[in-house]
Protein chains: 2
Amino acid sequence: MRKPSPSSCLPGPPSLAPQLPEPGEAKRGEQGHLGYLLRQASVALRTRMERALADLEVTPPQFVVLTMVGAYPGLSNADLARLSLLKPQTVSVIVGNLKRSGALVSRPHPVHGRIRQLALSETGERSLARCRRRVDALERRLAAGLSAAEEAAVRRWLVSVALESD
Amino acid sequence: MRKPSPSSCLPGPPSLAPQLPEPGEAKRGEQGHLGYLLRQASVALRTRMERALADLEVTPPQFVVLTMVGAYPGLSNADLARLSLLKPQTVSVIVGNLKRSGALVSRPHPVHGRIRQLALSETGERSLARCRRRVDALERRLAAGLSAAEEAAVRRWLVSVALESD
DNA sequence: AACAACATATTCGAGCTCTGATATCATGCG
DNA sequence: CGCATGATATCAGAGCTCGAATATGTTGTT
């Protein structure tokens, strides 16, 4: 048997005994703060994606970079940063790990002396294709319970949150 | 003047010249993958929250932990992990930083020898209150452009994504 | 030509998050 | 009692993310 978690019976303030809510209840459910719900959903999806890609040795951020370089070969580090809403330093770490693992290659820009242009290697192409299938499977389940109108509303909201200016 | 980004004129494969999409266009807009849009929105909100809380020396994850401990005093590290969908090690890092900064205090559980119960310190209470106001302001803008029905759909979807089982 | 302004890349330090492994405590069973 | 099981805490290592600072390259102005 399982004891009902020691902290469920608090000895401190009597009236504040924590009746811990289950996932989907109280602040964690549909009544919670929108920002909190957004973070929760994002954490859950990231976790699922990490598990789905774990045996391919690719992390979710790496998958995003691979996808972008696959779609726009010749991208620079700075281009990737703008495209992903991340900082150049962040992209630099991810790109570094992908170059070390052999999925990405870079060569200097023929005109501009400082820019390094990125492209997928052979193994990078294959890896991206394998990841793509796993992620697409997850993706399909995301829209499962939504009507067309609801999905449109969700998409519109997500874009508006992403683009809201400071 | 600003040159239109060197990588916009690729010398490599001619037909693959990257016409980089603006934020809100192409895959980044409402036609993109739901998972990608969710990540983008989450990144954007996290960034805004980081900026809003920066001068209070509190990070978004720290704010989440402070809020939870404020709502349920006596929580343990493991309780927090379950509540936040994070791993105990992760929560341990955040709690460690909050204890070091003096916002959280912990005492051993009176019955169970290993559990450490958490509570807000005086400064923790004040800090949480200040953060609360900033975050509430951000929060209100999240639901700004949504009708009641749309907001309900968004909330329902976020919860379903967060709770979807593997 | 010299300079200012800007973009790009990189380094450093900090915080967040995970997997995996280890140690301690509590409970239940032989 | 002794041991297995499970919960808790913690350590080690890896990757992601940021702000700040530095160095280098490009462009436009003087």
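What is the handedness of the crossing of helix 1 of chain B and helix 5 of chain B? The crossing of these two helices is right-handed. This is a predicted model, in which local features need pLDDT of at least 70, side-chain atom pairs count only at pLDDT 80 or more, and totals for chains, interfaces and linings use all residues. Residues are numbered from 1 along each chain as its sequence is written, chains are lettered from A and ligands numbered from 1 in the order in which they are written, and side-chain values use heavy atoms, with hydrogens and water left out.

**Chain A overall**

- Chain A has 6 helices and 2 strands. Helices (H or I, at least four residues) and strands (E, at least two) are DSSP runs, numbered from the N terminus.
- Along the sequence, the pattern of chain A reads α-α-α-α-β-β-α-α.
- Chain A has 166 residues, and 45% of them count as buried. Buried means under 20% relative accessible area, exposed over 50%, and partly exposed in between (1.4 Å probe, protein chains only).
- The accessible surface of chain A is about 8800 Å², and carbon and sulfur atoms hold 57% of that surface. Areas come from the Shrake-Rupley method with a 1.4 Å probe; for residues, only the protein chains shown count as cover.
- Among contacts in chain A with a separation of 6 or more, 43% join residues 24 or more positions apart. Contact means heavy atoms within 4.5 Å.

**Helix packing inside chain B**

- Helix 1 and helix 5 of chain B pack at an angle of about 145°, with their axes 10 Å apart. Axes are lines fitted to C-alpha atoms, for helices over the stretch in contact, and angles run from 0 to 180 degrees between N-to-C directions.
- On helix 1 of chain B, the contact uses B:L45, B:R48, B:M49, B:A52 and B:L53. On helix 5 of chain B, the partners are B:C131, B:R134, B:V135, B:L138 and B:L142.
- By class, this contact has 8 nonpolar, no polar and 2 charged residues. Ala, Val, Leu, Ile, Met, Phe, Trp, Tyr, Cys and Pro count as nonpolar, Asp, Glu, Lys and Arg as charged, and the others, Gly among them, as polar.

**Helix packing between the chains**

- The axes of helix 6 (residues 148–163) of chain A and helix 1 (residues 34–53) of chain B come within 8 Å and cross at roughly 35°.
- This crossing is left-handed. The term applies if the near helix is turned anticlockwise from the far one by less than a right angle; clockwise gives right-handed.
- Helix 6 of chain A brings A:E151, A:V154, A:R155, A:L158, A:V159, A:V161 and A:A162 to the contact. Helix 1 of chain B meets them with B:L34, B:L37, B:L38, B:Q40, B:A41, B:A44 and B:R48.
- By class, the contact has 10 nonpolar, 1 polar and 3 charged residues.

- A:L142 sits in helix 5 (residues 122–142) of chain A. A:L142 counts as buried because its relative accessibility is 4%.
- Leaving out residues up to four places away in sequence, A:L142 touches A:L45, B:L34, B:G35, B:W157 and B:V161. The C-alpha atoms of A:L142 and A:L45 are 9.3 Å apart, across 97 residues of chain.
- B:R155 belongs to helix 6 (residues 148–163) of chain B. Its relative accessibility is 16%, so B:R155 counts as buried.
- With residues up to four places away in sequence left out, B:R155 touches A:E30, A:Q31, A:G32, A:L34 and A:L37.

**Helix 2 of chain B**

- The 12 residues of helix 2 (residues 60–71) of chain B should span 16 Å at 1.5 Å a residue; the end C-alpha atoms are 17 Å apart, which agrees. The expected span is 1.5 Å times one less than the number of residues.
- Buried residues in this helix are B:P60, B:Q62, B:F63, B:V64, B:V65, B:L66, B:M68 and B:V69.

**Loop residues**

- Most residues other than glycine have a negative phi.
- A:E57 is not a glycine, yet has a positive phi of about 65°. A:E57 lies in the loop between helix 1 (34–53) and helix 2 (60–71) of chain A, and is exposed at 70% relative accessible area.
- B:L85 is a residue other than glycine with a positive phi, near 65°. B:L85 lies between helix 3 (77–84) and helix 4 (88–100) of chain B, and is partly exposed at 31%.
- B:S121 lies in the loop between strand 2 (116–120) and helix 5 (122–142) of chain B. B:S121 is buried, at 12% relative accessible area.
- Beyond its neighbours within four places in sequence, B:S121 is in contact with B:G102, B:A103, B:L104 and B:V105.
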